[in-house]
Amino acid sequence: MFEAMEPMDAIQKAIDHPEKIVVFSIAPGVRVGMGDTFDREPGAWIEGQLVDALHRLGVDYVLDLAFSTDLRAVEMGVECLLRLRSQKDLPLFISGCPVWTQYLKKHAPAKGKCLSTVKSPGEIQGATVKTYFAEEHHLDPTRMIHVIVTSCGAEGGISTSPNDVGILLGDGVLQDNDYIMTTQELAIWLKSAGVVRSTLNSGQGWDSPLGRGSGSGIISATTGGTMEGLLRTLQQVLMGKESLPNEIAWESIRGMHCVKSAVVKIADLSIHVGVVYGLDVAERLLAGGYDGLFDIIEVMACPGGCIGGSVPEMRTLYREAAASPGQTALDNPEIAGVYKSFYGYPFSAMARQLLHGKT
Ligand code: SF4
């Protein structure tokens with residue numbers, strides 16, 4: 001049950017508790033948003049040091065939230081194909097930004113049917129950590145404390161709800177996510193614990209499963225990243241591996257412009273996509289300013305997405321994504337593993353129960 005304590009105090013208490021298992025999942029934007037904490041330049045990639053620091057603090061497992069961004073891309077790919085083929089509930093609104101989805105539900109509830117039903121990566125991760133991950137490690141989910149670390153400090157941003165695992169297991173208390181910690185809160189915690197040292201291991205890897213994201217998963221923190229991940233997945237499904245990489249001019253949906261668009265041809269589909277950020281632009285969107293122009297639209301509330309307008313952070317994400325061994329969600333062997341061992345296939349009954357919300 002969520003306790004009304006400062007997250008750091010409550011999490012430290014869980015770490016010190018001999019029977020609690022503490023699991024951290026780190027959003028992609030966090031690993032480029034802590035350069036100053038590690039005495040590095042803005043946008044520095046501190047992934048390995050961060051995983052090492054959390055283990056030294058006593059965290060049992062440190063996982064990559066980019067895994068769930070990949071899982072979302074697969075579910076969303078199927079949803080997108082169904083809507084494009086049927087021409088129903090378009091344009092499809094995709095986003096991992098809860099501020100935008102709440103804004104839409106409040107100001108234009110009639111357009112709610114256009115929202116993707118796939119939950120946010122944080123919600124997906126929580127549901128998968130306390131089911132599949134718990135099973136793989138023979139852990140009791142009622143003893144697990146799952147903490148999401150995110151760059152989102154927005155009021156009404158990432159929250160600990162829902163509690164779909166509790167519903168699945170018949171436990172009215174169990175939550176998918178127990179605490180949300182921001183990058184800033186994590187920085188304060190690490191510094192006060194004195195764990196940031198030059199001896200931290202930059203090559204420290206994630207725990208697994210749920211410890212790996214593709215290049216598409218990594219760039220989801222920036223504007224256009226969710227769209228690119230979806231299109232890359234569609235391209236691979238419809239045209240095959242040999243069509244990759246980069247038959248699509250990705251540059252047209254990257255960068256700091258607040259409205260970007262492209263017409264993307266994948267197999268027999270010609271898809272009009274829009275990528276926007278900022279709630280002022282979203283307001284125009286909901287007022288009908290872009291009606292009929294797009295089949296799929298990605299919206300994020302903050303300038304440039306979760307990187308909050310930081311060009312160095314954006315550059316690092318694209319650089320690290322390009323160096324990733326897999327470029328799409330389907331290249332991620334841990335995605336194949338979670339479907340094989342737990343979800344079965346996209347849109348299965350279990351996937352609909354844990355990975356999709358009610359719009
Ligand atoms: Fe939060 Fe901003 Fe990212 Fe939306 S875009 S999830 S409000 S940090």
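Trainee: Which element gives the most to the lining of the largest pocket?
Mentor: That is α4, with four residues. Keep in mind that this is a predicted model.

Trainee: Which elements supply at least two residues each there?
Mentor: β3 (92-94), α4 (98-107) and α5.

Trainee: What volume does the largest pocket have?
Mentor: About 510 Å³. Its lining has 28 residues, and T101, K105, K119, S120 and E123 are the closest to the centre.

Trainee: How does that lining divide by class?
Mentor: Nine residues are nonpolar, 14 are polar and five are charged.

Trainee: Now the ligand. Which pocket does the ligand sit in?
Mentor: The second largest pocket. That pocket has a volume of about 410 Å³.

Trainee: Which residues lie nearest the centre of the second largest pocket?
Mentor: G96, T150, I158, M300 and C306, out of 28 lining residues. Elements that each supply at least two lining residues are α3, α4, α5 and β4 (144-150).

Trainee: And which residues are around the ligand itself?
Mentor: C97, P98, V99, C152, A154, M300, A301, C302, G305 and C306.

Trainee: How does the shell around the ligand divide by class?
Mentor: Nine nonpolar, one polar and no charged residues. For the lining of the second largest pocket, the division is 16 nonpolar, 11 polar and one charged.

Trainee: Switching to cavities. How many of 30 Å³ or more turn up in the whole structure?
Mentor: One. The largest cavity has a volume of about 60 Å³.

Trainee: What lines the largest cavity?
Mentor: T69, D70, R72, A73, S216, G217, G225, T226, G229 and L230. The elements giving two or more residues to that lining are α3 (66-86), α8 (215-218) and α9 (225-239).

Trainee: And the classes in the lining of the largest cavity?
Mentor: Two nonpolar, six polar and two charged residues.

Trainee: On to rings. How many aromatic pairs does a search of the whole structure find?
Mentor: Seven. Take F24 and W189: their ring centres are 5.8 Å apart and their planes are at 10°, so the pair is stacked.

Trainee: Where do F24 and W189 lie?
Mentor: F24 is in strand β1 (residues 21-26) and W189 is in helix α7 (residues 183-192), so the pair ties together parts 165 residues apart in sequence.

Trainee: Are those two buried or exposed?
Mentor: F24 is buried, at a relative accessible area of 0%. W189 also counts as buried, at 6% relative accessibility.

Trainee: What about Y61 and F133, how are their rings placed?
Mentor: The centres are 5.1 Å apart and the planes are at 85°, so this pair is edge-to-face. The pair links distant parts of the chain, with Y61 in strand β2 (residues 61-64) and F133 in helix α5 (residues 121-136), 72 residues apart.

Trainee: Buried or exposed, for Y61 and F133?
Mentor: Y61 is buried, with a relative accessible area of 17%. The cut-off for buried is under 20%, so Y61 qualifies. F133 counts as buried at 0% relative accessibility.

Trainee: Which residues do ring pairs link into a cluster?
Mentor: Y132, Y339, F342 and Y343.

Trainee: Backbone next. Which peptide bonds are cis?
Mentor: The bond from L90 to P91 is cis, with omega near 0°. P91 is in the loop between α3 and β3. The bond from S208 to P209 is cis as well, with omega near -5°. P209 is in the loop between α7 and α8.

Trainee: Which non-glycine residues have a positive phi?
Mentor: Q87 is one of them, with phi of about 55°. L210 has a positive phi too, near 70°.

Trainee: Where is Q87, and is it buried or exposed?
Mentor: Q87 is in the loop between α3 and β3. Q87 is exposed, at a relative accessible area of 54%.

Trainee: And L210, where is it, and buried or exposed?
Mentor: L210 is in the loop between α7 and α8. L210 is buried, at a relative accessible area of 0%.

Trainee: Last one. Where does T328 lie?
Mentor: In the loop between α11 (311-323) and α12 (333-343). T328 counts as buried, at 0% relative accessibility.

Technical notes. Residues numbered from 1 in each chain as written. Predicted model: local features only at pLDDT ≥ 70, side-chain atom pairs only at ≥ 80, totals over all residues. Heavy atoms only, no water. Near = heavy atom within 4 Å. 1 Å grid on protein atoms, 1.4 Å probe; cavity = no way out; pocket = protein on both sides within 12 Å on 5 of 7 lines; lining within 4 Å. Sits in = over half its atoms within 2 Å of the grid points. Nonpolar A, V, L, I, M, F, W, Y, C, P; charged D, E, K, R; others polar. Points joined across faces, edges and corners; volume = space filled by probe spheres on them. Phe/Tyr/Trp six-rings, centres within 6.5 Å; stacked < 30°, edge-to-face > 60°. Buried < 20%, exposed > 50% of the residue type's maximum accessible area, 1.4 Å probe, protein only.
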